[in-house]
Amino acid sequence: MAWMVCLPGQSQQQPANYDESKVPAYTLPALLVSNDGKEITSARKWEKIRRPEILSLFSEQMFGKFPKGDIKTSYETLSFDPDALNHTAERKQIKITFEKNGIQHEATLLIYYPKQVEGKVPVFLSYNYFGNHTVNSDEGIIITSSWSRNDQEAGVRNNQVAEAPRGFQSSRWPIQKILDAGYAVATACYNDFFPDAKEQTGNSILALFGIQSPEEIAPDGCQAIGVWAWGMSRMMDYLEKDPRIDADNVILMGHSRQGKAALWAGAQDKRFRIVISNDSGCGGAALSRRKFGETIQAITNNFPHWFCKNFNRYRDNEEALPFDQHALIALIAPRPVYVASAEQDLWADPKGEYLAAYHASEVYRLYKLNGLETKTMPPLNSPVMTNVGYHIRTGIHDVTDFDWESYIQFANKWLDK
């Protein structure tokens with residue numbers, strides 16, 4: 001079977017709007033007015049009053065709540081190579097086992113550390129789509145994730161099984177460039193936490209709570225994106241224990257659907273020092289009310305297993321949302337956040353992504369921090385790196401060297417290295 005990457009929206013069920021003149025007039029919900037109408041005038045009021053309100057809205061109406069209850073977690077080092085990647089890296093592979101109600105679920109974390117840096121190092125943490133072995137042609141990477149074979153983005157349909165080749169997505173993972181900059185890289189396959197298909201609930205982390213099908217999930221219960229965000233925090237748990245990782249300087253990066261999960265994880269978990277959204281579009285960084293490119297109706301039609309069921313009430317009804325995605329980005333404050341778009345990725349609405357970051361900036365200003373100052377998007381390939389970073393680059397929906405070079409530069413600017 002030939003491997004190819006389908007363009008986002010290829011399976012869309014209705015025509016998308018790509019005409020700015022057809023974007024409806026809209027009013028964004030106020031970030032700095034509480035539910036009872038009080039004006040939020042300080043970072044303290046934001047933290048105590050408005051932030052919890054917005055966090056609750058996203059949890060109840062969009063991403064859903066993760067089930068309550070403790071999960072036993074254990075770690076096992078599967079391999080360690082002190083001399084990987086042409087003597088430039090140390091490579092560790094860790095099996096994370098989650099256990100509850102007599103059920104076990106496993107995920108495999110791959111970490112590369114830069115050999116040239118002694119002591120603790122900052123790290124970029126990000127999911128991969130097709131298995132750890134696809135991020136680099138390194139023969140030492142263990143192939144562990146069978147569910148990485150079933151991802152829609154790879155052109156696999158109807159649960160056809162085909163093994164992703166080793167190094168298949170190495171173009172998205174310039175690991176040597178990241179290591180040379182003094183950063184570690186940590187990744188796991190997102191399917192280890194929730195296989196990306198609507199019929200796979202019983203093979204996800206939710207099975208530990210006795211949930212085997214979508215029908216058993218409450219209207220405000222989380223599905224895949226909520227589980228993926230939860231998994232990001234569980235990988236963070238391990239990084240806090242790793243003696244080579246500077247756990248105060250963990251940069252969370254997500255591309256596309258994982259950009260959505262990264263923003264949600266970063267909103268909930270303040271341990272992530274920097275949060276980066278790469279081409280996350282609808283349900284991520286893009287304003288829903290613009291109804292440009294992918295819409296709530298399209299995304300919930302194509303991926304009914306991503307969001308909580310309550311989110312369906314906003315299909316072709318975006319104006320009824322009690323929030324918009326600028327509020328999700330604002331929940332990252334005061335930590336640095338970076339939103340990236342691609343010129344040809346209209347399905348993800350680059351302008352909507354920029355405007356969401358722009359409007360989120362008013363919360364950063366409560367902390368006396370700098371955000372995006374104008375509604376006018378920057379020129380192509382010209383990153384803005386205030387506490388709210390943004391770039392739009394030439395090209396398509398992807399992760400490129402330009403993106404990573406920008407993220408490294410952003411991290412260098414804001415981390416205490």
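The 10 strands here form an open sheet with mixed pairing, in the order β1-β2-β3-β5-β4-β6-β7-β8-β10-β9. β1 (72–84) and β9 (384–385) stand at the edges with a single partner strand each, so one side of each has no neighbour in the sheet. Strands (E, at least two residues) and helices (H or I, at least four) are DSSP runs numbered from the N terminus, and two strands pair if DSSP finds at least two bridges between them.

Before you start: this is a predicted model, where local features need pLDDT of at least 70 and side-chain atom pairs count only at pLDDT 80 or more, while totals for chains, interfaces and linings use all residues. Residues are numbered from 1 along each chain as its sequence is written, and side-chain values use heavy atoms, with hydrogens and water left out.

**Exercise 1. Find the partners of β8 and work out how covered this strand is.**

Step 1: locate β8 at residues 337–342. On one side, β7 (residues 274–278) pairs with β8 in the parallel sense over 4 bridges, and V275 stands opposite V337.

Step 2: look at the other partner. β10 (residues 388–393) pairs with β8 in the parallel sense over 6 bridges. Here S341 stands opposite I392, and A340 has H391 as its bridge partner.

Step 3: check the burial. In a regular strand the side chains alternate between the two faces of the sheet. In β8, V337, V339 and S341 on one side and Y338, A340 and A342 on the other are all buried. That makes 6 of 6 residues buried (under 20% relative accessible area; exposed is over 50%, and partly exposed is in between, with a 1.4 Å probe and protein chains only).

**Exercise 2. Is D279 buried or exposed, and what does its side chain reach?**

Step 1: find D279 in the loop between β7 and α5 (296–302).

Step 2: D279 has a relative accessible area of 2%, so this residue counts as buried.

Step 3: follow the side chain of D279, which reaches the backbone nitrogen of D398 at 3.2 Å. Leaving aside neighbours within four places in sequence, D279 is in contact (heavy atoms within 4.5 Å) with a set of residues including H255, S256, S341, R393 and D398.

**Exercise 3. Describe the second largest cavity.**

Step 1: On a 1 Å grid over the protein atoms alone, a cavity is a set of points where a 1.4 Å probe fits but cannot get out, and a pocket is an open set with protein on both sides within 12 Å along at least five of seven lines; lining residues have an atom within 4 Å of a point. Grid points are joined across faces, edges and corners, and the volume is the space filled by probe spheres set on the points.

Step 2: by this rule there are 4 cavities of 30 Å³ or more. The second largest cavity holds about 90 Å³ of space.

Step 3: 13 residues line this cavity, with S126, Y127, W173, H255 and V399 nearest its centre. β4 and β6 each supply at least two residues of the lining.

**Exercise 4. Which backbone features stand out at S256, K368 and P334?**

Step 1: recall the background. Most residues other than glycine have a negative phi, and most peptide bonds are trans.

Step 2: S256 is not a glycine, yet has a positive phi of about 60°. S256 sits in the loop between β6 and α4 (257–268) and, at 11% relative accessibility, counts as buried.

Step 3: K368 also has a positive phi, about 65°, without being a glycine. K368 lies in the loop between α7 (350–366) and β9 and is exposed, with a relative accessible area of 76%.

Step 4: a cis peptide bond joins A333 and P334, with omega about 5°. P334 is in the loop between α6 (325–330) and β8.

Notes: Polar contact = N/O pair within 3.5 Å; in protein donor to acceptor, adjacent residues only side chain to side chain.
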